[in-house]
Amino acid sequence: SRYDVFDNSDVMQSKLMAGRSGYDVVMATGDLLPNLIKAGVLKELEPAQLPNRSHLDPAILAKMQSNDPGNRYAVPYLWGTTGIGYDVDKVKAVLGADAPVDSWDLIFKPENLSKLSQCGVAMLDAPGEIVPIALHYLGLPYNSTNPQDYQKAEALLLKLRPYIRYFDSSRFITDLANGNVCVVVGWAGGVLDAKAASKEADNGRSIRYSIPREGAPIWVESMVLLNDAPNPQQGLAFIDYMLRPQVIAQTSTYLRYPNANRDAKSLMDAELRDNPDIYPDEKVMATLFPLEPLPLKLERVRTRVWSKVKSGT
């Protein structure tokens, strides 16, 4: 069998769109699904072919419907949120005991971010997540199709730009662990990796992750079967194997991301399972918004906004 990892989802998407990739099963993030479905790249999954599908959590399946109506093509693998990772003591030292660590105000209010820049702020290099978060914070639709909304998001992000040390989707993990930065806008699993690394180094840091109360992006990595899969039966067998509670429980614990399998929870590492910022309750789940693709014209607008924000001009 062959296993490949791609630099980013765009590279993977163009490879799949070209056809005859030779793959059977692909792990795709939710916002890739609509384009792959429309292009006819994916095979519809019959529930009868996946007996272990019965273990899945209806709440996660419901969040996936905006990108895969009826859950016809994709089965959830792991999922997560994008929120705030922070060094408890450093943030307290700069902003006091009442720092709004459970709110996007921590990031989007320049009076907070300017102070936090003393101990270092990092952000994901991910326009498809950061721009929707900014729109949502402004009370605008997170997947707005109005170009004027993007100008407002740009204005907000440019105000914050002087206080952001860098945009990077992996470097923040080490930097948060060793104290080079004190606040990150990052993925939950990355922040948990930083926490684990800091614990291993025994450096006395207390690192936490929070899902801001205003709501945050939820993303789901899904397993899909390709229409031109050379071995569709083996592909289905693999997907069904990954849906076994004991298998996905081990995967989750190892990668520090939650899964969408209701019956795997009791088999998981308690630190992950009992952390409400990793496995949120129903009330918090209701505030999470799934990332969706934008029409190409708006995708370009968002990309332009992002390059302006990154360069700070």
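**Close-ups of a predicted model**

**View 1. Asp202 sits in the loop between H10 and E6.** Asp202 isn't a glycine, yet its phi is positive, at about 55 degrees. Is Asp202 buried or exposed? Its relative accessibility is 67%, so Asp202 counts as exposed.

**View 2. Arg256 also has a positive phi without being a glycine.** Here the angle is near 60 degrees. Look for Arg256 in the loop that runs between H12 and helix H13 (270-273). Arg256 is partly exposed, with a relative accessible area of 30%.

View 3. If you skip the neighbours within four places in sequence, Ser252 touches Leu78, Tyr257, Pro258, Asn259, Met268, Leu272 and Tyr279.

**View 4. The structure has 1 disulfide, and it joins Cys119 to Cys182.** The two sulfurs are 2.1 Å apart. With 65 degrees about the S-S bond, this link is right-handed. Why does the pair tie together parts that are 63 residues apart in sequence? Cys119 lies in the loop between helix H6 (110-116) and E3, while Cys182 lies in the loop between H9 and E5, so the bond bridges that stretch of chain. Both Cys119 and Cys182 are buried.

**View 5. The second largest pocket has a volume of about 290 Å³.** Its lining takes in 17 residues, and those nearest the centre are Asp57, Ala59, Lys265, Pro280 and Met285. Two elements give two or more residues to this lining: helix H3 (58-64) and helix H14 (282-285). Which element provides the largest share? That would be H3, with 4 residues. Sorted by class, the lining of this pocket has 9 nonpolar, 6 charged and 2 polar residues.

**View 6. The structure holds 1 cavity of 30 Å³ or more.** Rolling a water-sized probe over the atoms is how such empty space shows up. About 120 Å³ of space lies inside this largest cavity. Of the 13 residues that line the cavity, Gly30, Asn67, Ile218, Val220 and Pro290 lie nearest its centre. H3 turns up here again, as one of the elements giving two or more residues to the lining, along with strand E7 (217-225). The largest share of the cavity lining, 4 residues, comes from E7. By class, the cavity lining has 7 nonpolar, 4 polar and 2 charged residues.

Technical notes:
Residues numbered from 1 in each chain as written. Predicted model: local features only at pLDDT ≥ 70, side-chain atom pairs only at ≥ 80, totals over all residues. Heavy atoms only, no water. Disulfide = S-S within 2.5 Å. Buried < 20%, exposed > 50% of the residue type's maximum accessible area, 1.4 Å probe, protein only. 1 Å grid on protein atoms, 1.4 Å probe; cavity = no way out; pocket = protein on both sides within 12 Å on 5 of 7 lines; lining within 4 Å. Points joined across faces, edges and corners; volume = space filled by probe spheres on them. Nonpolar A, V, L, I, M, F, W, Y, C, P; charged D, E, K, R; others polar. Contact = heavy atoms within 4.5 Å.
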